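Here's a quick briefing to read with the model open beside you. Take a look at the picture and then work through the points.

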Amino acid sequence: MTTSTLRSDALLLLTAAIWGFAFVAQRAGMDYVGPFTYNGVRFALGCLSLAPLLPGSRHAAVGVLPPSGRRRFLVGGGALGIVLFIAASLQQVALLYTTAGKAGFITGLYVVNVPLCGLFWGRRPGGGTAIGALLAALGLYLLSVTESVKMEFGDGLVLVSAFFWAAQVLLVAWLSPRVNPVRLAFYQFAVCSLLSLAAAFCFEAVAWSGIHAAALPILYGGILSVGVAYTLQVVAQRDAHPAHASILMSLEAVFAALGGWLLLDESLNLRGLLGGGLMLTAMVVSQLWGLKLRGSGNGS
């Protein structure tokens, strides 16, 4: 491997670790603030961390765009922010009822859900997606379904959020080639932050003392998880091999479980470990199947 590939792999591994341990920060922060307050402040900090990267003049933060792209940016970016708000809210509320490790594995199902959701755009999923979906379903059953054959409430919320994360990925894939990606990220984080803060003032007791007490997990979630990790991903994927990127980004779920074990005293029994392993396998198979087929077709 070249030096640039090794550097990209290291950056992607660091990104996966930051995002995995973010589940720990998200749980810890809610010892002091509600889920909407946490997300509102977190994504506001994410906006601030991206502001220096915005291209153009000092007015770029509000989006100085040519008329032809302004509507696409405002409407598409607004829709993206709403989807992000729903996904992040479901995930954050779910963490009141489930562990960081389980949430990390179930959230990772968006990797499988993306090609499945592509059916709505007339895209037929490949064999890897079908196999991945079956493995994921079995893993989810082992990880989340109790002996009474009932999915636990928090795990169910995370599962629903995984479909919204998949929708968010698909929207980004459609919008990013058409508008500036950093500006788009800033806009979606801003919309998500405003909606989260509005929900917080409606449904939670927002107090500065709570935000101050939760400063460390909020800073981690906003600066590192949103700002730094997003930038690392963009930089790393310029030179990363697609297969490497798929595997390394899937390790987010493993880091979530590791962080929950190290910092929150969480654990998984043998059934849960088997379920998590199957779900991780499903993520990797879903991502690598098409790459393997394309590589075989090219004679490599």
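**A loop residue to start with**

Thr98 sits in the loop between helix 3 (67–94) and helix 4 (100–107); helices here are DSSP runs (H or I, at least four residues; strands are E, at least two), numbered from the N terminus. This is a predicted model, where local features need pLDDT of at least 70, side-chain atom pairs count only at pLDDT 80 or more, and totals for chains, interfaces and linings use all residues. Residues are numbered from 1 along each chain as its sequence is written, and side-chain values use heavy atoms, with hydrogens and water left out.

**Around Thr98**

- Is Thr98 buried or exposed? Thr98 is buried, with a relative accessible area of 5%; buried means under 20%, exposed over 50%, and partly exposed in between (1.4 Å probe, protein chains only).
- The side chain of Thr98 makes a polar contact of 2.6 Å with the side chain of Asp155. That term covers a pair of N or O atoms within 3.5 Å; within protein, one must be able to donate a hydrogen and the other to accept it, and residues adjacent in sequence count only if both atoms are side-chain atoms.
- Leaving out residues up to four places away in sequence, Thr98 touches Arg27, Ala103, Gly154, Asp155 and Val158, where contact means heavy atoms within 4.5 Å.

**Salt bridges**

- How many salt bridges does a search of the whole structure find? It turns up 3, each being a side-chain nitrogen of Lys or Arg within 4 Å of a carboxyl oxygen of Asp or Glu.
- Glu266 pairs with Arg27, and their closest N and O atoms are 2.5 Å apart. Glu266 lies in the loop between helix 12 (252–263) and helix 13 (270–297) and Arg27 in helix 1 (residues 3–29), so this pair ties together parts that are 239 residues apart in sequence.
- Glu266 counts as buried at 10% relative accessibility, while Arg27 is partly exposed at 26%.
- Lys102 and Asp155 meet through their side chains in a salt bridge (2.9 Å, N to O). Lys102 is in helix 4 and Asp155 in helix 7, 53 residues apart.
- Glu152 also forms a salt bridge with Lys102 (3.9 Å, N to O). Shared partners join Lys102, Glu152 and Asp155 into one network.
- Within that trio, Asp155 is buried with a relative accessible area of 0%, Lys102 is buried at 10%, and Glu152 is partly exposed at 34%.

- Helix 7 (residues 153–175) reaches 33 Å from its first C-alpha to its last, close to the 33 Å expected; the expected span is 1.5 Å times one less than the number of residues.
- Buried residues of helix 7 include Gly154, Asp155 and Val158.
- Helix 2 is mostly covered, with 13 of its 16 residues buried.
- Cys47 is in helix 2 (residues 35–50) and is buried, with a relative accessible area of 7%.
- Which residues does Cys47 touch, not counting residues up to four places away in sequence? They are Phe186, Phe189 and Ala190.
- Cys47 and Ala190 are 143 residues apart in sequence, yet 6.3 Å apart in space, C-alpha to C-alpha.

**The whole chain**

- The protein chain has 13 helices and 0 strands.
- Of its 300 residues, 48% count as buried.
- Among contacts between residues at least 6 apart in sequence, 90% join residues at least 24 apart.
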